[in-house]
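Student: I would like to learn how to read a structure like this one. Please take me through it feature by feature.

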Amino acid sequence: MDFLNTIFTFPTVVFTTLLLIVIVFWLIALLGFADIDMLEGDVELDVEGGGDSFFQMGFGGVPLTISISLVVLISWVASFYAHQLFAYALGDGVMFYLLGGAMMLACLVASIPLTALLVKPLRRFFDSKETASKNDFIGLECVIATSKVTDQFGQAKVQFQGTEQLIEVRSDEEGVFALGDVALLIEHDTNRNSYLVVEKPW
């Protein structure tokens with residue numbers, strides 16, 4: 001009963017709710033009604049002044065749904081044990097919610113670097129079984145997976161050898177591409193590990 005009381009009491013109940021949502025999502029994904037890459041095209045990970053975002057450096061290489069799931073799970077575990085250990089210090093009334101909110105935020109912040117560490121060994125499982133040479137994509141069509149493509153930001157999906165891969169793309173002109181547009185891969189930038197895309201000439 002102590003376990004149930006803890007997970008369904010503020011602040012842990014917030015992460016319990018999120019964890020239940022995550023569990024439902026993965027059940028739906030296992031049944032084939034959801035794609036684990038479904039969030040990749042909806043989130044812009046642009047950071048002004050740099051070609052790569054903090055998210056890409058810390059969580060890149062695995063689907064966003066996995067990173068979010070790990071953040072929620074770790075936050076829930078941390079919140080549960082923190083709640084158990086420090087419930088006596090939360091007080092009553094307004095202080096209970098203020099300190100509980102601070103505890104919840106601390107658990108969330110602590111979960112982010114831990115998640116970044118956990119996703120690193122997972123990246124190899126999401127590499128294509130037949131790793132393609134970077135130049136093999138040159139000349140192929142791709143579908144833009146972000147709301148825009150600039151000289152600093154952009155992602156696209158490309159079909160290669162029967163598999164769909166998410167790649168970084170860049171464009172010399174802003175405002176040319178939007179989510180769902182078809183573009184042509186014409187050049188690979190080794191330094192930024194991205195492809196230059198242009199509009200299809202046909």
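Student: Is Phe96 buried or exposed?

Tutor: Buried means under 20% relative accessible area, exposed over 50%, and partly exposed in between, with a 1.4 Å probe and protein chains only. Phe96 has 18% relative accessibility, so Phe96 counts as buried. This is a predicted model, in which local features need pLDDT of at least 70 and side-chain atom pairs count only at pLDDT 80 or more, while totals for chains, interfaces and linings use all residues. Residues are numbered from 1 along each chain as its sequence is written, and side-chain values use heavy atoms, with hydrogens and water left out.

Student: Where does Phe96 lie, and which residues does Phe96 touch?

Tutor: Helices (H or I, at least four residues) and strands (E, at least two) are DSSP runs, numbered from the N terminus. Phe96 is in helix 5, residues 93-119. Contact means heavy atoms within 4.5 Å. Leaving aside residues up to four places away in sequence, Phe96 touches Thr9, Phe10, Leu90 and Gly91. Pro11 is 85 residues from Phe96 along the chain, and the C-alpha atoms of the two are separated by 9.3 Å.

Student: How many helices and strands does the protein chain have?

Tutor: There are 5 helices and 5 strands. Read from the N terminus on, the order is α-α-α-α-α-β-β-β-β-β. Of the 202 residues in the protein chain, 37% are buried. Among contacts between residues at least 6 apart in sequence, 62% join residues at least 24 apart.

Student: How do the strands pair?

Tutor: Two strands pair if DSSP finds at least two bridges between them. Here 5 strands form a closed barrel in the order 1-2-3-5-4, with mixed pairing. Neighbouring strands of this sheet are turned by 55° against each other on average, direction ignored; the axes are lines fitted to C-alpha atoms, for helices over the stretch in contact, and angles run from 0 to 180 degrees between N-to-C directions.

Student: How many bridges join strand 2 to strand 3?

Tutor: Strand 2 (residues 155-160) and strand 3 (residues 163-170) run antiparallel and are joined by 6 bridges. In strand 3, Gln165 is opposite Val158, and Thr163 is the bridge partner of Phe160. The hairpin of these two strands has 2 residues between them, and Gln161 takes a positive phi near 50° there.

Student: Which way do strand 3 and strand 5 run, parallel or antiparallel?

Tutor: Strand 3 and strand 5 (residues 194-199) run parallel, with 2 bridges between them. Val169 is opposite Tyr195 of strand 5.

Student: How many salt bridges does the structure hold?

Tutor: Side chains of opposite charge can pair when their charged atoms come close. A salt bridge is a side-chain nitrogen of Lys or Arg within 4 Å of a carboxyl oxygen of Asp or Glu. The structure holds 3 of them. One joins Lys200 and Glu141, at 3.2 Å from N to O. This pair links distant parts of the chain, 59 residues apart: Lys200 is in the segment after strand 5, and Glu141 is in strand 1, residues 141-144. Lys200 is partly exposed because its relative accessible area is 29%, and Glu141 is partly exposed at 38%.

Student: Which residues form the nonpolar patch on the surface?

Tutor: Patches are made of residues with over 30% relative accessible area and no salt bridge; like charges are joined within 9 Å, and nonpolar side chains (Val, Leu, Ile, Met, Phe, Trp, Tyr) within 5 Å. Accessible areas come from the Shrake-Rupley method with a 1.4 Å probe, and for residues only the protein chains shown count as cover. Phe3, Leu4, Phe8, Leu20, Ile23, Leu27 and Leu30 form the patch, with about 710 Å² of accessible area together. Helix 2 gives the most to the patch, with 4 residues. Ile23 is in helix 2 and, with 42% relative accessibility, counts as partly exposed.
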